[in-house]
Amino acid sequence: MKALNTQLPLITTSKIRQFDAWCSRFEGVIKLTLGQPLFPTPSPIKAKAKEAIDRDITRYTPNVGAAETIDSVLQYCRERLNLHYGHDEILITVGSSEALTASLRSLLNAGDEVLIPTPAYPGYEPLINLYNASAVHVDTRSDRFELTPETLQKYITPRTKCLIITDPNNPTGILINRKNRDRLADFLAETDLYIIADEVYNRIIYTDDYRSFGTYEKLRKQLIIVNSFSKSHSMTGWRIGFLLAERNLTKELMKSHQYYVTSACSVTQYAIQAINDAQTERELAAMVRDYRACRDYACRCLNEYGFTTPQIPQGAFYLFVSVDKFGLDGDSFARRLVEEQGVAIIPGSAFSDSYKNYVRISYCVDFEILKKAMEKIKIMVTNLMTESINR
Ligand SMILES: Cc1ncc(COP(=O)(O)O)c(C=O)c1O
């Protein structure tokens, strides 16, 4: 047989999924591994989905998305995110994953470089590799896991085509602060780079100091916003998201989107028309309240046990902490935590090789479960400290 795509050997199963699958072999393990919200999808969305099936809304929709869905999502963007985009500046996609795929496929030529601030969501690099381009890791450690123009500038070459910004970030949960965001916008507007702003966590935020990159008029021509309802509305399995970009760019992105998926699922698109319902917003607010309580509790515990992180995360539902102090790297720490205490977290190496001494803890779980997990983590670190004293 002839060779497959020669880039495929560069691509492996996500380390998050690999580790999660390994942990599943241990009975009764408490999982703080995946970014899978605990809550059910808001009731108005579920009701709309049932209605869609009963009304036989089961046909192809226009490639860009059903007109009523586009209206609803644009209204949601205006009212909740202060994003003002037109009807020809949006594509309804199969989660933000497909929005990312369509964007990267449309932007990249062989040899291009894509800047990825690290630690990073592991979904980006394999796509970049698949398109014969290369990912360039921008280490954000010295900027407290935020991105600054000064650091970014050091990584830009004539081959740089695009930058992916994840704000709030997975795995750190960190939100770029207002000053840095404004400075980044000023800096980027002076470059010819495309920017993909992955804002899937931007409704799970614990501060008022937030502004989407799409609110900077000066970035309009070079910006693609990808977003979804997976995390915010606990809809990971429904596979629905959207992409926003200036109309000429959207017209081009549509070419990839159309031939990848034709359109997003008609039933899901219909369901999402309940996105602006007051009850949907009430249920979302309740989720965020619970996440905040989990974040506060987990941060307090981890701080007390001796883990370190440069700042308290203001978004998403992850904590990314260094395990340096305990004499193990992140891989060994995570493995021993499963084997000895029955608690699963993700080694930092899943988010870039430079973060071997970190682990990610996902706190979108029931509060009582989180409490149990924290007690077990405390036992683990106490044991490790005793080991190191006796060594
Ligand atoms: C930062 C980030 N972007 C994109 C995705 C993909 O999400 P979806 O395709 O469900 O919208 C995830 C999922 O974990 C993520 O963490």
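**Helix packing, domains and ligand shell in a predicted model**

Let me start with helix 4 and helix 8, the latter spanning residues 247-261, which pack at an angle of about 125 degrees, with their axes 8 Å apart. Because angles from 65 to 115 degrees count as roughly perpendicular and those over 145 as roughly antiparallel, helix 4 is oblique to helix 8. The crossing of these two helices, helix 4 and helix 8, is right-handed. On the helix 4 side the contact is made by Glu98, Thr101, Ala102, Ser103, Arg105 and Ser106, and on the helix 8 side by Glu252, Leu253, Lys255, Ser256, His257, Tyr260 and Val261. Sorted by class, this contact of helix 4 with helix 8 comprises 4 nonpolar, 5 polar and 4 charged residues.

Which element gives the most to the shell around the ligand? That is helix 4, residues 95-107, with 3 residues of the shell. In total, 14 residues surround the ligand, and the closest are Gly95, Ser96, Ser97, Ser228 and Ser230.

Let me now turn to the domains. The domain assignment gives domain 1, made of 8-40 together with 279-381, and domain 2, covering 43-275. The C-alpha centres of the two domains lie 24 Å apart, and the contact takes 36 residues from domain 1 and 35 residues from domain 2. On the side of domain 1 that touches domain 2, helix 1 (15-23), helix 10 (278-305) and strand 9 (318-322) each supply at least two residues, and helix 10 gives the most, with 9 residues. By class, that side of domain 1 has 20 nonpolar, 11 polar and 5 charged residues.

Helix 11, residues 330-341, and helix 12, residues 367-390, pack at an angle of about 110 degrees, with their axes 10 Å apart. Helix 11 and helix 12 are therefore roughly perpendicular to each other. Here the contact is made by Leu337, Glu340 and Gln341 of helix 11, together with Lys376, Ile377, Ile379 and Met380 of helix 12. In terms of class, the contact of helix 11 with helix 12 has 4 nonpolar, 1 polar and 2 charged residues.

Note on methods. Residues numbered from 1 in each chain as written. Predicted model: local features only at pLDDT ≥ 70, side-chain atom pairs only at ≥ 80, totals over all residues. Near = placed C-beta within 6 Å. Helix = DSSP H or I, 4+ residues; strand = E, 2+ residues; numbered from the N terminus. Axes fitted to C-alpha atoms, helices over the stretch in contact; angles between N-to-C directions. Parallel < 35°, antiparallel > 145°, perpendicular 65-115°, else oblique. Left-handed = near helix turned anticlockwise from the far one by under 90°. Contact = placed C-beta atoms within 7 Å. Nonpolar A, V, L, I, M, F, W, Y, C, P; charged D, E, K, R; others polar. Domains from an automatic or database assignment.
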